[in-house]
Amino acid sequence: MPRSGHKPRSPSAAPAAEPPSRGADTAAPGEREGSSRFAWKPEYSVGIEEIDAQHQELFRRAGLFIESLRRQSRQEIGILLSFLRLYAVTHFGAEEAWMREAGYPGTEAHEKQHDRFIKDILELSDQHERKNGPGIEPARVAGWLEKWLKNHVTSADVELARHLKATGLPPPKPEEPPA
Ligand SMILES: [Fe+2]
Ligand SMILES: [Fe+2]
């Protein structure tokens, strides 16, 4: 299966760009749902610092996207959905490079879960962009995103981390940015 769009990039968790934000003090009641629903909890830890840091960033971006759905600014929703997708591609790429290097036997199945997620996010983007379409259904999407992330991180990623820890292989070096 071609792995387009899944090029491992820097496994560092630091996001380069910040999305537009209205600031916490201007949030309307209920807008915090995204941040509390996707708040990081120690029970999500896979026991590997690099992966945990990336998951925290993934959860943060998921929360920002879900919050934006309440504000109903088409532009902001689109930007935050891309902001989430880009980091998911980066994180999945880093995990996949590491699991291949470590000879993880569950690589193919794990990559399939990642691929499916990116495909679903791209479908959401299409839905969102479609003129006169029904758009994104906030409650359904929030439920799906929360379930997927928590389930993947606490099962597939925990299993992967167990293997990585057992092999003792350090994370692969981040790819050099093009000169
Ligand atoms: Fe992960
Ligand atoms: Fe994963």
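Among contacts in the chain between residues at least 6 apart in sequence, what percentage join residues at least 24 apart? In this predicted model, the share of such contacts that join residues at least 24 apart is 81%. The paragraphs below follow the chain through its helices, their pairings and a few single residues.

**Overall layout**

The chain holds 5 helices and 0 strands, and from the N terminus on its elements run α-α-α-α-α. Of the 179 residues in the chain, 27% are buried.

Helix α2, made up of residues 49-71, has 23 residues and spans 34 Å from its first C-alpha to its last, which is close to the 33 Å expected at 1.5 Å a residue. Just after α2 comes Gln 72, a residue that takes a positive phi of about 60 degrees.

**How the helices pair**

Two packed helices are described by the angle between their axes and the distance between the axes.

| Helix pair | Angle between axes | Distance between axes |
|---|---|---|
| α2 and α5 | about 175 degrees | 10 Å |
| α3 and α4 | about 170 degrees | 10 Å |
| α4 and α5 | roughly 165 degrees | within 11 Å |

Helices α2 and α5 pack at an angle of about 175 degrees, and that makes α2 roughly antiparallel to α5, since angles over 145 degrees count as such. On the α2 side the contact is made by Ile 51, His 55, Leu 58, Phe 59, Ala 62, Ile 66, Leu 69 and Arg 70, while α5 contributes Pro 138, Val 141, Ala 142, Leu 145, Leu 149, Val 153, Asp 157 and Ala 161. Sorted by class, the contact of α2 with α5 has 13 nonpolar residues, 1 polar residue and 2 charged residues.

Helix α3, covering residues 74-101, packs with α4 at an angle of about 170 degrees, and the two helices are therefore roughly antiparallel to each other. From α3 the contact draws on Ile 77, Gly 78, Leu 81, Leu 84, Arg 85, Ala 88, Val 89, Phe 92, Glu 96, Met 99 and Arg 100, and from α4 on Thr 107, His 110, Glu 111, His 114, Phe 117, Ile 118, Ile 121, Leu 124, Ser 125 and His 128. The residues of this contact of α3 with α4 divide into 11 nonpolar, 6 polar and 4 charged.

The axes of helix α4 (residues 107-129) and helix α5 (residues 138-167) come within 11 Å and cross at roughly 165 degrees, which makes α4 roughly antiparallel to α5. The crossing of α4 and α5 is left-handed. Here His 110, Gln 113, Phe 117 and Leu 124 in α4 meet Val 141, Trp 148, His 152, Ala 156 and Leu 160 in α5. By class, the contact of α4 with α5 includes 6 nonpolar and 3 polar residues, and no charged residues.

**Single residues in the picture**

Leu 64 and Gly 34 are 30 residues apart in sequence, yet their C-alpha atoms are 6.2 Å apart in space.

Ala 161, in helix α5, is also one of the residues that α5 brings to the contact with α2. Ala 161 is buried, with 21 other C-beta atoms within 10 Å. Leaving aside neighbours within four places in sequence, Ala 161 is in contact with Val 46, Gly 47, Ile 48 and Ile 51. The C-alpha atoms of Ala 161 and Gly 47 are separated by 7.1 Å, although these residues are 114 residues apart along the chain.

Gln 113 belongs to helix α4 and is partly exposed, with 16 other C-beta atoms within 10 Å. Residues up to four places away in sequence not counted, Gln 113 touches His 152 and Ala 156. Between Gln 113 and His 152 there are 8.1 Å from C-alpha to C-alpha, and the two are 39 residues apart in sequence.

Asn 132 lies in the loop between α4 and α5. With 5 C-beta neighbours inside 10 Å, Asn 132 counts as exposed, and its phi is near 60 degrees, a positive value in a residue other than glycine.

Note on methods:
Residues numbered from 1 in each chain as written. Chains lettered and ligands numbered in written order. Predicted model: local features only at pLDDT ≥ 70, side-chain atom pairs only at ≥ 80, totals over all residues. Helix = DSSP H or I, 4+ residues; strand = E, 2+ residues; numbered from the N terminus. Expected span 1.5 Å × (residues − 1). Axes fitted to C-alpha atoms, helices over the stretch in contact; angles between N-to-C directions. Parallel < 35°, antiparallel > 145°, perpendicular 65-115°, else oblique. Left-handed = near helix turned anticlockwise from the far one by under 90°. Contact = placed C-beta atoms within 7 Å. Nonpolar A, V, L, I, M, F, W, Y, C, P; charged D, E, K, R; others polar. Buried ≥ 20, exposed ≤ 12 C-beta atoms within 10 Å, placed from the backbone.
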